[in-house]
Amino acid sequence: MFRRIAPLAAVLIPAALAAQQPMPGYSPRSAERERAAEAAAVRAPTPQRAHAHARVLSAEPHVAGTPAQARTRDYVIQQMRAMGLQTEVREYRVWLPHATAVRAWRVSPDPRELELAEPAVPGDSTSGMPPYLTVNGYSAAGDVSAEVVYVNYGLIEDYARLDSLGVSVRGKIAIARYGRSYRGIKAREAERNGAVGLIIYSDPRDDGYVVDDVYPEGPMRPADAVQRGSVMNGNGDPSTPGWPSVEGARRLPAGEMSVPRIPVVPMAYGDAAELLRGVRGPDVPQEWQGGLPFRYHLGPGPVAARLRVETDAETAGFKEIWNTFGIIRGSEFPDEIVMIGAHRDAWGPGAADNVSGTVSVLEAARALIEQAAHGNRPRRTVMFATWDAEEWGLIGSTEYVEQDSARLLRGAVAYLNQDASALGPDFGGGGSPSLRATLRDVARVVPDPSGQGSVYETWRRRAAVADSAEPSMGDPGGGSDFAGFYNHLGIPHADWGFGGRYGVYHSQYDSYEWMRRFGDPEWKSHAAAAQVGAAMMLRLANADVLPYDYAEFARTMRGYLPMMDAAIRKQGWELSTDPLRASIDRMHAAATEFAAARDAALAGRAPGRATLQRINAALMRVERALTRPEGLGTRPWFRALIYAADENNGYSNVVFPSVSEAVRASDRALTEREVADLASRFDAATAALVEARGALTN
């Protein structure tokens, strides 16, 4: 009896707690309807359906540009149509050369060819299927032979350290371990430093046996598992940088595209050991020592290697990709759009990355279409997207954003992203600070997969935060499909998911069987991620006044200023950031005043439809105002001035990137101009808040 009652209590208790919470952006009457709608939506996604979707979508490797990936398109569209969603497929023809052959040898001493392939695992049916070759996406074709030099993680500072030790990679093959930065930065720096080829391997210290047992006995990377992945630096089709790859689009010739010019080959640590074991020369700095069972040396030599990569660039470099959309048109504000998306492509079966995200989107769609079928259509248009070719450089989502930028700038309320959303038990979230309060609030109404209260309660408990604090949330740097929406257009975004130990990233072993054994054996985290998604979509789609929290946004911005001041002092400059600090304070005051006016107005007679449209149009301009059309000086495509991916890392986040990059360049005059420019952008954002308050009170 107790076992049957406990799960029900886990659902009812969070709902009761949530009912005591105010619902920003809602009148009391609207909030009552919304709580009922969210409660129903949270019940809709189920582990059973999530499991069924995951089984089909991870049934084979489905790399972008292959027939298998077309089959995932067809499955998603079929499911959405069966639910009753309006559907759309958008096709783009993009530069996507596939590897047709890859080989690697130890040339000396003791010549031998390295295996490279990932062997099948008994009981894991997809591990024995033909994989995508062990080549990094956008590797150049070539056949190179040279001595090997170990370059640690292949970071800018690693090459500086090598230079100080008198070791050069010019004319050599560099071997770098994965981690600490995006692999495209590793390829860029190897090429800049004169290497003729690059090997990137997964060191067991980072995601192998040093961390935990390896697959199939445990969740971590075995000795013959390879991490594939793109090495292009940039977002979108490299043949159409900054504009959409539609029919008739202007195309750059291959020689002008921003892609590597050297062969880049990923390796498992079993193969990499066959090279590293024999490298001599200076000892590595102690912090460069990895987890393989021998002492690492820098080289060069006496080990020499040969890399050979062939691609179809000359014969079939352009390929079709497909984005899919399920749509429910809004009942009151159809031109305002709330979108949730996940990429559909993978480097292997992709059970975690990103079948789990695709499943979350499908189940969230089911929850909202069931509401619509019962007469409760969302007030705003909701869209459920699955993107193609994310793994190659966020290509599908970027082409869509570039194609539909005018509509999105005018009416996009938020973009919610699901990328590897269910691969363990531990919840986390992030995104624009303007949506963090909404995500925390929604997490209160979703039962945690553990059965121990709500997602929010379990999140707080595992984070062990003080009573007055909230669990930390990630900033939107780059590296996933939110980039086009947030970094390019300034559209608020949020993401979330359930994490854990995951050592099979981008390998053939990111499979249904790995998920069944280690990631989410009962598919409860898949269902919970979808439940959060459904409630988030409804919360944003049905609000009277869009529930952005720009007071929290401004407080978060204040928290970054000491770091900026410290970086400026380190340069030895007397340069005041007081104008920026004052502009952020003005934004905080305006946001606080707006929230009070909003709550007072909604507590009485709610404004009419036309007034709400004016208020929300102004609110949607707040974060758009924190962008500039010319973008960053280093990367014009990045228009948002609050967060960006680090140009020298790719994964890590840079706050106030226009200022940060000027400081990094040691350009005092530029830094002063960028501080002033950023302050003016905050004042423009404040003006939008003041306009929203004026529309509300008048």
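User: Which residues of α13 are buried?
Analyst: In helix α13, the buried residues are Arg436, Thr438, Leu439, Arg440, Asp441, Val442 and Ala443. Buried here means under 20% relative accessible area, with exposed being over 50% and partly exposed in between (1.4 Å probe, protein chains only). Helices (H or I, at least four residues) and strands (E, at least two) are DSSP runs, numbered from the N terminus. Please note that this is a predicted model, in which local features need pLDDT of at least 70 and side-chain atom pairs count only at pLDDT 80 or more, while totals for chains, interfaces and linings use all residues. Residues are numbered from 1 along each chain as its sequence is written, and side-chain values use heavy atoms, with hydrogens and water left out.

User: What do the buried residues of α13 pack against?
Analyst: They pack against β13 (426–431), α14 (455–463), β14 (493–499), α17 (524–542), α18 (550–570) and β15 (643–645). Contact means heavy atoms within 4.5 Å. The helix itself spans residues 436–443 and is mostly covered, as seven of its eight residues are buried.

User: Moving to the nonpolar core: which residues touch the most other members?
Analyst: In the largest nonpolar core, which has 209 residues, these are Tyr201, Phe384, Tyr400, Leu580, Phe656 and Phe682. Such a core is a set of buried Ala, Val, Leu, Ile, Met, Phe, Trp, Tyr and Cys residues joined through side-chain atoms within 4.5 Å. In soluble globular proteins, nonpolar side chains tend to be buried together.

User: And which helix gives the most to this core?
Analyst: Helix α10 (residues 351–373) does, with twelve residues.

User: What does Phe682 touch?
Analyst: Leaving out residues up to four places away in sequence, Phe682 touches Phe553, Met557, Leu580, Ser583, Ile584, Met587, Leu626, Ile642 and Phe656.

User: Where do Arg228 and Glu118 lie?
Analyst: Arg228 is in the loop between α7 (204–207) and β7 (264–267), and Glu118 is in the loop between β3 (112–113) and β4 (142–150), so the pair ties together parts that are 110 residues apart in sequence. Both Arg228 and Glu118 are buried.

User: What does Glu336 form a salt bridge with?
Analyst: Its partner is Arg380, with the closest N and O atoms 2.6 Å apart. Glu336 belongs to strand β10 (residues 333–343) and Arg380 to strand β11 (residues 380–387), so this bridge links parts that are 44 residues apart in sequence. Glu336 counts as buried at 8% relative accessibility, and Arg380 counts as buried at 0%.

User: How do the axes of α3 and α4 cross?
Analyst: The axes of helix α3 (residues 47–57) and helix α4 (residues 67–83) come within 10 Å and cross at roughly 155°. Axes are lines fitted to C-alpha atoms, for helices over the stretch in contact, and angles run from 0 to 180 degrees between N-to-C directions. That makes α3 roughly antiparallel to α4; angles under 35 degrees count as roughly parallel, over 145 as roughly antiparallel, 65 to 115 as roughly perpendicular and the rest as oblique.

User: Which residues make the contact?
Analyst: Ala52, His53, Val56 and Leu57 contribute from α3, and Thr72, Tyr75 and Gln79 from α4.

User: Last topic, the backbone. Where is the cis peptide bond with Pro302?
Analyst: It joins Gly301 and Pro302, with omega about 0°. Pro302 is placed in the loop between α8 (269–276) and β8 (304–311). The peptide bond from Asp353 to Asn354 is also cis, with omega near 10°, and Asn354 is found in helix α10.

User: What about the phi of Asn152?
Analyst: Phi of Asn152 is near 60°, a positive value in a residue other than glycine. Asn152 lies in the loop between β4 and α5 (156–164) and counts as buried at 4% relative accessibility.

Notes. A salt bridge is a side-chain nitrogen of Lys or Arg within 4 Å of a carboxyl oxygen of Asp or Glu.
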